[in-house]
Structures are given as C-alpha cells and as structure tokens.
Amino acid sequence: MKSFSEYNPITVALWYAAVILPAMFILHPALTALSIVGSVLLHTVRTKSLRGNLIYFILFFAIALLNPFFYHNGVTILFFVNDNPITLEALLYGFTASAMIISVIYWFRSFSAMMTSDRLLYVFGSASPKLALILSMALRYVPLFSLQIKKVNDSQKALGLYREDNAIDALRGRVRVFSILVTWALENGVTTADSMTARGYGVGRRTYFSIYRFTRSDRILLAVTLILEGLLLAGAALDALKFSFYPAMTGTWSPMTAVSLAAYTALALLPTIHRVTEEFAWKRLLSRV
Amino acid sequence: MLIIKNAKLRAVLGWVIPFILIPGVIAAGIFIFKEKRYAFITLAVTVLSLLLFISGYERKKTGNRRMIIVAVMTAMAVVGRFIPVFKPIAAIALITGAYMGSECGFLVGALSAVISNMYFGQGPWTPFQMFAWGMVGFFAGLLSKPLCRSRILMLLYAAVSGIFYSLTLDIWAVLWYHEGSALKSYGAAIIAALPHTLAYTLSNMLFVLLLARPFGEKLQRVKIKYGI
C-alpha cells in the first residue's frame, strides 16, 4: 500500500479538482460542511498537529459575520443594529460562504504540500513539454539567483559600496545588486541556450522523462474518483442540491440528494481514510515484530 | 502518459477552445444554469484561455535563446517577490513584454504566478493571477513602441495595469463570496479594497521607475549582441 501522495500526480490532481470544484461552486450547507470537515481532517492527519489553525479560525468568523451586517434580506429577524435588521438567513449564508472559502484554503494547503514542484511540473508537462522545460529551468534559477544575489551583495559590501543606515541609499544599493544580477543572469542564460542548441535541443521530437508511472492502483483511484464525482454531478444536474437562502431558507430534498451527499462524503474523506488505515496497518506490522 | 503526442490533435485543440468551448461555457452559464454563476463562468473562461495560449505556444517554433530569456525573467520576478511587501512581478512582465514582445511578456507574467505560488501557496486565485499578469505583459508587448520611447507612458501603463490586476482579483473574490445573492455590495467591495489597490499601483509604478532602465538597457543589449 502506498501513501496518497505517491499516486500518479495526474490522478491526485484530478482528485483535487473533483473535490475542490464542487466545494467552490455548489453552495449547499451540507456539502460545504462536508468539505470543511474533509479538508481540516486531511490537514490534521497530515501534519499531526493543531498549530497554525488559529488564524483561519478567526478568519472564518470574520468572513461569516461580515455578511449579516451588510445584507438585510431574509424573513427571520433576530435583532436590530442601528435600525438595520440582522436576519438569521443572512447570518447562515455568511457562515456557509465563509466555510466554503476556508475549506478551499485548507484543500489548497494540503495540495501545496502533496504536489511538490516536480509533481506539478509533471502535470504541466502533460499539457506542454516546452512550457514544462521553461518552468523547470525557472525553478532551478530561483535558488541560483538567490545565491548569486548573496555573492554580489557580499562583494559590494567588501568594496565598501554599502550604507545600510540610510533607507534610500539601502534601496539604491539593492537595485544596484539586482542590476548586476540581471546582466549576469542574461549572459548566463544565453550561454545555456547556446549549449543546448549545440547539443541538438529542438532538432528532433521532444521526449519527456518522468519517474511517474500509471499503475493499477492509479486506475482504481481514478475510477473511484470519477464514479463518485459522476454521482455528485448527477445530483446537481437533477436539481437535488438546490438551496436558496433568501428570502427564506428552502432546499430540495430527494433520495438523489442523499446519494450525492454520500458520494461527496466518500470523496472528501478518501485520503484521510487512506492515511488512517495505512497507519493502522503499519502499527499492526510493528507490533508483530 | 497523458501527453497529447499527436500534433494534429493539438492543432484541433487550438481551434476547439476559442471557437467552441469558450462561447459554449458562457452560453451554458447563461441559459442552462439560469442563475448568476459568474464566478464559475469567469474561472472556466480564464482556464480555457490559458490553455489556448499554451497550445498555441507549444506548436510554435521559438528560438532556444528566447525561451531561456523567458525562464530567466520569470525567475527574476519570483526572486523579487521575496523582498517583503513589494511584488515586482507585474513590473517585470511589463518590461519583458515591452522589450521582448507580447508572447514573452505573457509567459513571464503567467509562469511567475505559478512558480511564486509554489512558495507562497496555490489557490483558486492562481489562474486569475496567471491571466492578469500575463495580460499586463501581453499588452505591454502590443504597445511596445510608445512604451519604450517614453518613460512617462510606461509609468502610466504601470498604473493602469496595477489597477487592472487588483480589480481582476477583487472582482472575482466578490463574485465568489456573493454567489447566489444580490450583487449590490459590489461597488462597496471595490471601495473597501481601495487602499490595497492604491498601494499596489504605487509600488508597481515605483518598480517600473527603478527597474525599467537597467532591465530595458540590458534586454536591448542582449537582443542586439546575440540577435534574438
């Protein structure tokens, strides 16, 4: 059994698309609740700590409470602030929209951790090998340039060209360092390009190397994702996931609603369940030793 | 494995996306959903137009040197983003576009968004950043002649592009949050974001002021020296 992030990057990216897009665009309180539970659980089992959540917790309430103070639609009036009614509907809409935004942020937090630059490059490479090459070269240049900036900076300091007590002078010094870096980087880049041409880049068809294979488990994960997503979208297409907040909260309810929500539950909890079962298996194996 | 190896299929994609898919998505949004699904439509159209540009670029023959300069300028923009508060991506995309042409400008803007978000966090904003910064570079390329001749025009363009970038991202955020409800606080949201927009616009102009001369001269020099 392999961990969720070890699947083929395209499969993982498709799973993320399948889970994030409905969370972003189907505004249904139950679906949004599932999305936030799934994303926070995944984040928690992945990092195994509760740190770094406070800011999002505060943000959640801030965004949620923004809405009832600006929107006064809705029939259930809770109380008045400066003669403006605060309604239950607007309050609940605020909480739903806020949960939607925070859950998408959490999905992307785990996305950034799982899709490292090489895996993202693989996904990009499937769209355009040429673009993937530019991206990978730029990615390599970022640390190279940072190192070169440090070198130039040090030599400028050693030459006595630096004054840091004056803000304008410090900024001008920064710009000078940057300017030196630009000259070096462009010349260096042209040398690289000439070297590539000399070795025959662009002569034949471009092949694209990657260490990722599309295995049986990827096929299974892909099939499961597509089936669950299909059930969810079928529910959305059949108006089973309609919910409106104003003027009064109304939602449609049919067996299809339950099916769609169950499908989304399975979809959102997939990596968490995967991770937990994997850890149990590992602990069981350890206890046998 | 999922790479589109067939050149013909790629060429077909280049036609299908602009003439069938994009109008299709807009029509579907208007007639099928019936509700105001602006957020979804704008996201879909943005992603599709990025795909269109990529498929066009993939088919084209560009020199190796030109390609590497795009990589260098992209890395420059990302390195610049590490300086706290200031974000010179738009300025660098603008300068690249003005001196190296629209295509390079677009690529530098769009790719810097992807790479800098690898460090700062991806999100639903990534396609919009790609699009907005890419467009800043693209139009700078189209206006290349007047921009290169007059520094004041370049600063003016920097101001306009700063406002354009902020509005593109703010508008989408508002659309997304208020989907399904009335859009009356739309103007209010833009006014609320005004200080941020202003700061971004000013920093953009400052960057162009500081970077236009060194970058412009050097790009010009490399262009003449190596005949790119």
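The legends below describe close-up views of a predicted model.

**View 1. The contact between chain A and chain B.** In this predicted model, the contact draws on 67 residues from chain A and 63 residues from chain B. Together the two chains bury about 5,700 Å² between them, and 75% of that area lies on carbon and sulfur atoms. Between chain A and chain B there are also 3 salt bridges, and 9 residue pairs are in polar contact, with both residues of each pair at pLDDT 80 or more.

**View 2. The side of chain A that touches chain B.** Several helices of chain A each supply at least two residues of this side, namely H1 (9–25), H3 (54–70), H4 (88–114), H5 (117–127), H6 (129–158) and H7 (167–198). The largest share comes from H7(A), which contributes 18 residues to the side of chain A that touches chain B. Sorted by kind, the residues of this side divide into 46 nonpolar, 15 polar and 6 charged.

**View 3. A:Glu187 and its salt bridges to chain B.** The side chain of A:Glu187 meets that of B:Arg221 in a salt bridge, with a distance of 3.1 Å from N to O. Because A:Glu187 lies in helix H7 of chain A while B:Arg221 lies in helix H10 (residues 194–226) of chain B, this pair joins two chains. B:Arg221 counts as partly exposed, at 39% relative accessibility. A:Glu187 in helix H7 of chain A is also paired across the chains with B:Lys225 in helix H10 of chain B. In the salt bridge between A:Glu187 and B:Lys225, the closest N and O atoms are 3.2 Å apart. B:Lys225 has a relative accessible area of 45%, so this residue, too, is described as partly exposed.

View 4. Are the two partners buried or exposed? A:Asp154 is partly exposed, with a relative accessible area of 42%, whereas A:Lys150 is exposed, because its relative accessible area is 52% and the cut-off for exposed is over 50%.

**View 5. The hairpin of strands E1 and E2 in chain A.** Strand E1 (residues 77–81) and strand E2 (residues 84–87) of chain A run antiparallel and are joined by 4 bridges. Across this pairing, A:Phe80 stands opposite A:Pro85, which belongs to E2(A). The hairpin has 2 residues between the strands, and in this hairpin A:Asn82 takes a positive phi near 50°.

**View 6. The buried residues of helix H5 in chain A.** Which residues of H5(A) are buried? They are A:Arg119, A:Leu120, A:Leu121, A:Tyr122, A:Phe124, A:Gly125 and A:Ser126. Within chain A, the buried residues of H5(A) pack against H1, H4 and H6, and they also pack against helix H5 (102–120) of chain B.

Note on methods:
Residues are numbered from 1 along each chain as its sequence is written. Chains are lettered from A and ligands numbered from 1 in the order in which they are written. This is a predicted model: local features need pLDDT of at least 70, side-chain atom pairs count only at pLDDT 80 or more; totals for chains, interfaces and linings use all residues. Side-chain values use heavy atoms; hydrogens and water are left out. Contact means heavy atoms within 4.5 Å. Buried area is the accessible area (1.4 Å probe) that two parts lose on being put together, summed over both. A salt bridge is a side-chain nitrogen of Lys or Arg within 4 Å of a carboxyl oxygen of Asp or Glu. A polar contact is a pair of N or O atoms within 3.5 Å; within protein, one must be able to donate a hydrogen and the other to accept it, and residues adjacent in sequence count only if both atoms are side-chain atoms. Ala, Val, Leu, Ile, Met, Phe, Trp, Tyr, Cys and Pro count as nonpolar, Asp, Glu, Lys and Arg as charged, and the others, Gly among them, as polar. Two strands pair if DSSP finds at least two bridges between them. Buried means under 20% relative accessible area, exposed over 50%, partly exposed in between (1.4 Å probe, protein chains only).
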